[in-house]
Amino acid sequence: QTYTDYFFDKSAFNTLDGGYIPLTVNQEAPAKPLAIPALHPVDHEDEQSVEYTVTARAGEVQMLPGKPTKTWGYDANVLGQTIVFKEGQHVTIHLKNDLPELTTFHWHGLNVPGPYVDGGCHAPVYPGETKDIEFDVVQPAATLWLHAHPCPETAVQVYKGLAAMVLVQDKQEEKLPFPRHYGVDDIPVILQDRHFNEDNQWDYQADYDPDGVQGPTAVINGTVNPYFDVTTRRLRLRLLDGANRREWRLHFSDDLEFAQIASDGGIMPSPVYFTHLMLSCAERAEVIVDFSKYEIGDQVVLYSDDVPLLTFRIKDKQDNGHDPLPEKLVDIPRLQPTPDLPVQEVVMSGMDEEVEMDWKKFDMQRIDRTQDLGVTQVWDVTNTNDMKGGMIHPFHIHGGQFQIISRDGHDPYPNEYGWKDTVGVNPGEHVRFAMKFDFAGVYMYHCHILEHEDGGMMAQIEVIDPSKPRPKYKLMDHHTL
Ligand code: C2O
Ligand code: CU
Ligand code: CU
C-alpha cells in the first residue's frame with residue numbers, strides 16, 4: 001500500500017496562518033552541491049567507549065553571492081559535524097563553549113538522565129568554559145540531534161546554526177538491507193528556512209515572530225539551492241525538520257514513491273510507503289528512495305508544497321540493493337501501561353504571546369508533575385486551538401521515546417508505530433501515548449515550535465525513584481542566567 005496523504009489536518013497547515021512566509025527559490029544563489037556535515041572525529045574510541053570534544057563556536061559561510069553569512073555551529077561554521085554513538089558504549093563528551101554567551105548542549109531524543117546530562121536549560125556552559133558529561137548508550141539505532149537549549153534563548157541560538165545530527169548505530173540495524181555509506185548513499189538532510197537581509201545576514205530580532213521565525217529561503221545542511229549527485233540506485237535520507245517553526249510537506253517530482261524505515265527514535269516495525277510526507281518541527285524520518293527507474297542524466301526534485309528544495313542528479317546507478325525491503329524490520333514490543341495509574345493530561349493552548357502549557361507559562365524552578373521511575377503511564381496531550389486559524393503544535397518530551405496509542409481515539413498515522421519523541425498535535429485533537437522513563441531526573445516537555453517553547457509553552461516533570469531518597473536538583477532560574 002502506498003499512502004498519498006499528509007494525514008495532518010489541512011485546515012491547520014502553517015500555510016494558512018496570517019504570518020506565514022511562503023518559501024521561494026532564491027534566484028541570486030547558484031546551484032551548489034549539498035553540504036554533507038563531516039563525521040565528528042573522536043578523541044578516543046574502542047568497543048566499549050568513545051570520547052568526543054564538541055565545541056560551540058562562531059563562524060561564517062558563503063551562502064549567497066556577496067558577503068558571507070555569520071553563523072554558529074558545533075565544530076563547524078554552521079550546524080555541526082555528525083556525532084556517532086554505538087549502542088552499549090560508554091560516552092564521555094567535553095562540551096566547550098567558545099561563544100560570547102551561555103549555551104547548553106541538548107541531546108534531543110537521546111535516552112540520558114535529566115536535567116544535567118540531557119543538556120536542557122539547567123545545564124549551562126558559560127563562555128570560555130568546558131564541562132564534561134558521561135552516559136551510556138542504551139537505545140537502538142536512530143537519527144537524533146544535538147541543539148542548543150538555554151531558556152529562553154533556544155530559538156535564537158538554533159536559528160544562528162546550533163544544530164547537528166547525532167546517529168546511534170546498533171547490531172540489529174547493521175543486518176538490515178539499508179544503504180549506510182555515509183555521504184554516499186546515506187545522507188543527512190537538515191531542513192531549515194531563513195531570511196537573508198540585504199547584507200546576507202540572519203537577523204533574528206528583526207524577523208521575530210512569537211509564533212515562530214520563518215524565512216523564505218530553504219537552507220538545507222546550510223546550503224541554498226542544493227543538488228546532490230546520486231551514484232547508487234538507492235539513497236537513504238535522514239530527514240530532520242530543524243526549522244524553528246516550519247512544517248515540511250515533502251514529495252518528489254513524478255510523485256516518486258519512497259519508503260520510511262525509521263521515525264524519531266529508531267527503525268520502525270515495517271516500512272511505510274508514501275508519495276507525500278509531512279514533518280513537524282524536530283521530527284525525523286529516515287526514508288529510502290529508489291531511483292532505479294531513472295536514466296543517468298535525469299533529475300529528481302524534492303519539494304515542500306510546490307517549492308523545489310533539493311535536486312537529485314542521477315550520475316550513476318551502482319547496485320546497492322534494490323530488492324523490495326523486508327516487510328518486517330524490527331520487533332518493537334508494545335509498552336503495556338502499568339495498571340491503576342492516572343493518565344498524564346497535558347494541555348497546549350494559545351498562540352503568539354499567549355502560549356501556555358497546562359494553563360501556565362514555563363517556570364524553570366517549578367516541577368509541574370511527577371512519574372515514577374520504570375512505570376509505563378499513558379499521556380494524553382491536547383491542543384486547544386481551533387481548527388480554523390489554529391495551528392499544529394509539535395509536542396516533545398525529554399528523557400526517552402514514547403509509543404503513540406491513538407489520535408482522538410483512532411489509530412495513529414501509519415508511520416507512527418515506532419519510537420517517537422515528538423508528535424504533531426492537530427487543533428482540538430487528543431494524542432495518547434505510552435511513556436516509560438529509564439532514569440530518575442527532571443525533564444522538560446514542550447512545543448517544539450522554538451518560539452512557543454521560549455514563550456512559555458513548556459513545563460517539567462520529575463521522574464522519581466521510589467526506592468531512593470528524593471534528590472534535590474539544582475534548577476536554574478532566569479536570574480542565575
Ligand atoms: Cu529538541 Cu527540549 O528539545
Ligand atoms: Cu529534546
Ligand atoms: Cu506550539
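This is a predicted model: local features need pLDDT of at least 70, side-chain atom pairs count only at pLDDT 80 or more; totals for chains, interfaces and linings use all residues.
His106 is buried, with a relative accessible area of 1%. His396 is likewise counted as buried, at 1% relative accessibility.

## Nonpolar cores

In soluble globular proteins, nonpolar side chains tend to be buried together. In this model the largest nonpolar core has 55 residues. Those with the most contacts inside this core are Tyr74, Phe85, Ile93, Phe105, Trp107, Phe135 and Leu146. Among the elements that give two or more residues to this core are β4 (49–61), β8 (90–97), β10 (130–136) and α1 (154–160). Strand β12 gives the most, with six residues. Domain 1 (2–14 + 177–318) and domain 2 (22–170) each supply at least three residues to this core.

Leaving aside residues up to four places away in sequence, Phe135 touches Phe85, Gln89, His90, Val91, Ile93, Leu110, Val112 and Val117. Another core lies apart from the largest one and has 43 residues, including Leu34, Ile187, Ile314 and Tyr413.

## Aromatic pairs

A pair of aromatic rings is described by the distance of the centres and the angle of the planes. The whole structure holds 25 aromatic pairs. In one of them, the ring centres of Phe8 and Tyr413 are 5.1 Å apart and the planes stand at 75°, so the pair is edge-to-face. The two residues are 405 residues apart: Phe8 is in the loop between β1 (2–3) and β2 (32–33), and Tyr413 is in the loop between β30 (402–407) and β31 (422–425). Phe8 is buried, with a relative accessible area of 6%, and Tyr413 is buried at 11%.

The rings of Phe291 and Phe312 have centres 5.6 Å apart and planes at 40°, so this pair is tilted. Phe291 is in the loop between β22 (284–290) and β23 (299–304), while Phe312 is in strand β24 (residues 307–318), so the pair ties together parts that are 21 residues apart in sequence. Both Phe291 and Phe312 are buried. Ring pairs join these residues with others into a cluster of Tyr3, Phe7, Phe8, Phe228, Phe252, Phe258, Phe274, Phe291, Tyr294, Phe312 and Tyr413.

## A charge over two rings

Arg194 is placed over two aromatic rings. Its charged end sits over the ring of Tyr159, 4.2 Å from the ring centre. Arg194 also lies over the face of Trp202, where the distance to the ring centre is 4.9 Å.

Definitions and conventions:
Residues are numbered from 1 along each chain as its sequence is written. Chains are lettered from A and ligands numbered from 1 in the order in which they are written. Side-chain values use heavy atoms; hydrogens and water are left out. Rings of Phe, Tyr and Trp (its six-membered ring) pair if their centres lie within 6.5 Å; planes under 30 degrees apart count as stacked, over 60 as edge-to-face and the rest as tilted. Helices (H or I, at least four residues) and strands (E, at least two) are DSSP runs, numbered from the N terminus. Buried means under 20% relative accessible area, exposed over 50%, partly exposed in between (1.4 Å probe, protein chains only). A charge sits over a ring if NZ of Lys or CZ of Arg is within 6 Å of the ring centre and within 35 degrees of the ring normal. A nonpolar core is a set of buried Ala, Val, Leu, Ile, Met, Phe, Trp, Tyr and Cys residues joined through side-chain atoms within 4.5 Å. Domain bounds come from an automatic or database domain assignment. Contact means heavy atoms within 4.5 Å.
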